[in-house]
Structures are given as C-alpha cells and as structure tokens.
Amino acid sequence: MSIGVCYFPEHWPRERWESDVERMAEAGLEYVRMAEFSWAVLEPERGEFEFEWLDEIVELIGGYGMQAVLCTPTATPPKWLVDERPDILQEDADGTVREHGSRRHYCFNSDAYREETERVVTKLAERYADDPTVAGWQTDNEFGCHGTVRCYCDDCAEAFREWLADEYGSIEALNEAWGNTFWSQRYAAFEAVDPPGPTPSEHHPSRLLDYARFSSDSVVDYNRLHVDLLEEANSDWFVTHNFMGRFPALDAYAVSEDLDLVSWDSYPTGSAQDRLEGDASPDQLRAGDPDQVGMDHDLYRSALDRPFWVMEQQPGDVNWPPHCPQPGEGAIRLWAHHATAHGADAVLYFRWRRCLEGQEQYHAGLRKQDGSPDRGYHDATQTADELADLGDVDHVDAPVTLLFDYDNLWALDAQPHSPDFDYWSLLESFYGALRARSVQVDIVHPDTDLAEYDAVVAPALHLLTGDLADRLADYVELGGELLFGPRTGVKDEYNKLRPAPQPGPLADLVGATVDQHESLPSQIETRVRSANDPDGQSETYPFRTWAEWLETDAAEPLLTYDTDGIESGRTAAVRNTVGDGSVVYCGVWPEADLADDLVRPLLERTGVAYSDRLPDGVRVGEQNGRTWVTNFSSDRYRVDPDDDVSWLVGDAVIGAFDAAVADGEIVDGLSVDRLE
C-alpha cells in the first residue's frame, strides 16, 4: 500500500521545488501526480512547447526515490486554443455555449478537439517515454465533472445520429424499439433525430436513455484516444483515469475496459452533503459516511477485479461543498485505512500545498500556503508508516456481489415516478445492510459471471433482457442465493414497459408477479410484518418510497403489509426455492431493520461469515489475512472477537474517527460495543 500526493509545481517558484520534494520523501510518500491542468504552461502558444519545468520536477522526484504519475492536460484547453477553434466548446441543452474561464468546457465529439488532443498527448508521451521516474499516466481529469458528459452542440447532434444508425440499422427499427407512435414522435430518417433539448413536458424515456448511452460512449471513445497514444509510446506505463464518487452520467465499467488501473477521487465530508439524501449528521460532516465511500471503493475495485487507487484523497477542509467543517481528529488517516480495507493499492492526497490563486484557494493541502505542515500532513505521515509496516495489498475476496448497472440508473433517473426515488440510495439500503454485518461486497455489472459468489443482491434490475433472466435462473438452480429489490423486471432494454406482468422474464424464477405498485409520500403509513405470524404479534418494519403488491404462485409469502390502507394484508415479499438455490423478491424499499432481516438469512443459507450488527459509523473489512476496523463516528467502541487476536495497528478500543488492524480474519461472531 502506497501513499502519495498531488502537486502543482507550476504554481510555485522554482526555488521551493526541491524543499517540497524533499519533505514529500521524508513523509514516506511514494507517488507524485502532476500536470493535469498545465496545458497553458506546457504550450503557452501554438507549437511552442516548454517542457523544461516539468523535466526538472520529474528529475527531482526521481532523485528523492519517488515516482511520478503524469496527466494528459486536456481538461483545461488554453484560451488561445478556444480563440482559434471555438467549435471545441460544449453547449447546454438550451444552446448556451460554455465559455473559457473554468474547466471541462470542451466537447468530447469535437473533431477539432480530438485533433488537438492527439497533438498534445503525443508530444508529452514522446517526451517522457524513456524516463524511468514516470510510472504511469492519468487520462484527463474527472471526466464529466460539473455536468459535462452530455453536450448538445452540432457535433454531438451529428455523432448521435451516427450512433443511432449503428445501433438500430434502420429508422423503422428505432421507431419500433422506442415506441415512437406515442405523441406522434415517429422519425422519417436518422437525420431528423436531435439531442433532447428543452420541451414543454417530459422527454420520451427511450430517447433519454439512448442519449445517456451515446454520451457515455463518447467519453469512452475519447478516453481510448489517450490510452492508445500513451501505450504506443511506452507499453510499460500504467494508464488510469480518476473517476468521481457516486457519479451518474458516465459508465465507469465501459471506460475501465481500456485502463490498466482504476482510480477515483474521494472527498467524504463534501460527498456526504451533496450526494446523500437529507442533511448530513455532525459525524458525517466530520468524516463522511462509511457506506457511501465504501460503495465507491467497491465499485471501482470491482470494475477491473483488482486493487484500485484513490487518486485524490481529501486532506482537510475543502472548497466546493455547501459547508466545510474541519475533519475530525484522525479522519484523514482513517480514510486511507478504510480505502486499504476495501483493496486500495495507493492513496494520493490532494494536494501538497494550499493554493494561492484561482478557484481552489479554500481547498486545504497537506501543507499550508507558507509550506508549514497542516493537519493532514501529520495524518498522512503516520498512515504512510503504518501501511508500510503492513506490507502488500491483496485482492479482496468478496463472497457477495451487488448488481449495479448504469442503464438502470439512467432509466430510473428519466422516470423516477417519485421525487424520493434515487437509485444510488436504494443500492445503499442493501449494501449498507451487508456492510453492517462486516461482509465484503463486490459491485459488478449484471453481465458478470456470478458463479464465484455465494449470494447475489440485485436491488433494482429495472431493465431486463431474457438472456440475463436465464443466467440468473441458472445461477439459482446451481445453488446460488439471490435477493431482488423492488422495480425489477419492469422494462425491456429500450426502456419500454413489458407486455407481461412484472417481473417479466423473472416471473417463473420469483414464483410471483406484481399486481400493483405505489410510490408513497411520507404521510402515508408504510409498514410490513412477517407473513408467518397469524396472530399479528411479530415486529413490524418500516419501509419507504416504493411498494409493490405481489400475487404469489409457487413462492412462499415472507412479508405482508401491516397498515390501515387498501394494501393491508397483501404480500410485500416472497421466497421461492428453485433447484439447489432460492430467490427472495422484496417489493418494498427497506429501511435498515428490514434490510438487515433480509440479508442475514441470506448469509446464513450460504454459510458466509458475518458479525453482530455493527453500530452506525463502524465498519469492518478483511483483506490479505488481516481485519480492519474503522470508526467514522465521534464515539468510542470496544471490539470483541471470538478469539484472542494480535493487533498490528491500534488495539481493541477504537477511538473517535480511528482505525485499527488485527492480524487474522475475525469477522465471524465479532461484536462491537459502545463505550461510555
């Protein structure tokens, strides 16, 4: 496990560079990422490249025993290029052109920008092809940040039409697949199809889904241009891209197919404010939410089924969320240990020094603007020492997988059918229940081979093909345990409602169908109870947002609605035995207690080891024969394993925003108790 940092030497006088690099080495840092926003410094005017400054800093980094990760600088095209070729700029759906003055203002489908990209990336790659200090490259920076995956310019309109022609072959096939008889939306030719601009009412959901697919594919193709140029220059380099947390518009699986290494940028206290439902708790404002961060770790680790990097780790307070409290004491160290428990091979803090200029002056670094240590520096140095002593990171052997698909995300985003329905949040309801039992989880595309997993959780397979339904049936018949969430099997791959009752091709596997569905506001009562309780004395469980009334066939009812409404007594969840395995279909969005009572029997049936239910904020993970305990809360806890253990980092008492590492795998039967 390595610790590194992101550095912007072009922001500082040359006489500071060596002292900065020397202190990086003293802190135990191994990697230095640079140059992602440096195009205007590398090429101040067309054809006049100035590499000497980058040569010098790369040499310094190598001289102090560290390695450089360089970035293609295409996220920020310089002003002279915008002036020369204004057609590279993105347009919003209403036709507004995105101007120079920020970042990510170029269009992925601009032929002009692809020409310029090829030119500058080739120059950089050739310059450092034989430099032993350069370990690898990051392509661009945070594709799609600031809502920039989807552009609506003329270049995108033409590219979209070509994409549709390749997908459907004929306009008749497109009209049929989308269902364009509705509201007179039929097209006479591909040339008539435009990107989805402003309309009086909703857009056609199939058109929206395909524009989301096309836009993501455009980024995949643009990233491939970078990868091909870099690999041609030096096939020994690794090539990565830094994705973002809980980012909806870009298919990270598809981009990752061209990468050697997946990385992402982790900002726990900011993400808890702008990507979680509701207001962040005081502890989340200080340390973030472990399941929100963990779900991203597991998604990006699973994209290539290998260790990943955190390319940017929050180093202190940051500039972009609504509020910026200081992280809790120890939180910056905690985040690196948490990443390691999920299989991270490196964590790079962003950034080395607080910047004196531009939009990120309120973003902390490991060092203050005068070069003195900031709070994060001490956490980073301690973490570097601890992780160096622990040795190598290994593959995380997750026994359970959660199925996640961007097509389903885009389709549900187009028609959520409730202001409270958020695909990410539904995923986390199931993911959080598994992690609260200390179970490691892979997050994979539904096309993945599932045979290696003891259990599969599919929170919302909204779009479903017959092929996927057959593969899931085979998985269960051979002994797999499968848990479905609501809104499964509703539509086909074109985002059209199926003519058969939900769950469509899964009806025989589930042993039940959906009679009715509801999206429910908070003022309507939402409770279920065990169907195997004729006296009505069992505990009731709250649920939220979504409810389906199930008609059973072969399946056994598990839950019934316990309300005074019209759904009272109807079936809410079922279990069906098929071959050597079984399927549970839950037609409601479970709150935490119900989610736990869904996953715990699943784990028991599969023999997967699990702990007592962990307190909120505390999470446990096993990796390479060791167990990490991480505490994202301000409380203190005692860890009580079944057997005596040796602690490699910390001990059995876990303080506020703290982490500890035990030698051995201790999840089975583990309990964690709060200390007064």
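Residues are numbered from 1 along each chain as its sequence is written, and hydrogens and water are left out of side-chain values, which use heavy atoms. As the model is predicted, local features need pLDDT of at least 70 and side-chain atom pairs count only at pLDDT 80 or more, while totals for chains, interfaces and linings use all residues.

Me: What makes residues 52-63 span what a helix should?
Reply: The expected span is 1.5 Å times one less than the number of residues. For the twelve residues of α3 that gives 16 Å, and the end C-alpha atoms are 16 Å apart, so the two agree.

Me: Which residues of α3 are called buried, and which exposed?
Reply: Buried means under 20% relative accessible area, exposed over 50%, partly exposed in between (1.4 Å probe, protein chains only). W53, L54, I57, V58, L60 and I61 are buried. On the other side, E52, E59 and G63 are exposed.

Me: How do you know that the buried residues line one face of α3?
Reply: Look down the axis and take the directions from the helix axis to the C-beta atoms. The buried residues fall within an arc of 160°, so they line one face.

Me: What covers the buried residues of α3?
Reply: Contact means heavy atoms within 4.5 Å. The cover includes α1, β2, α2, β3, α5 and β4.

Me: Why are β7 and β8 called paired?
Reply: Two strands pair if DSSP finds at least two bridges between them. β7 (308-313) and β8 (344-350) have four, in the parallel sense. F308 stands opposite A344 in β8.

Conventions. Helices (H or I, at least four residues) and strands (E, at least two) are DSSP runs, numbered from the N terminus.
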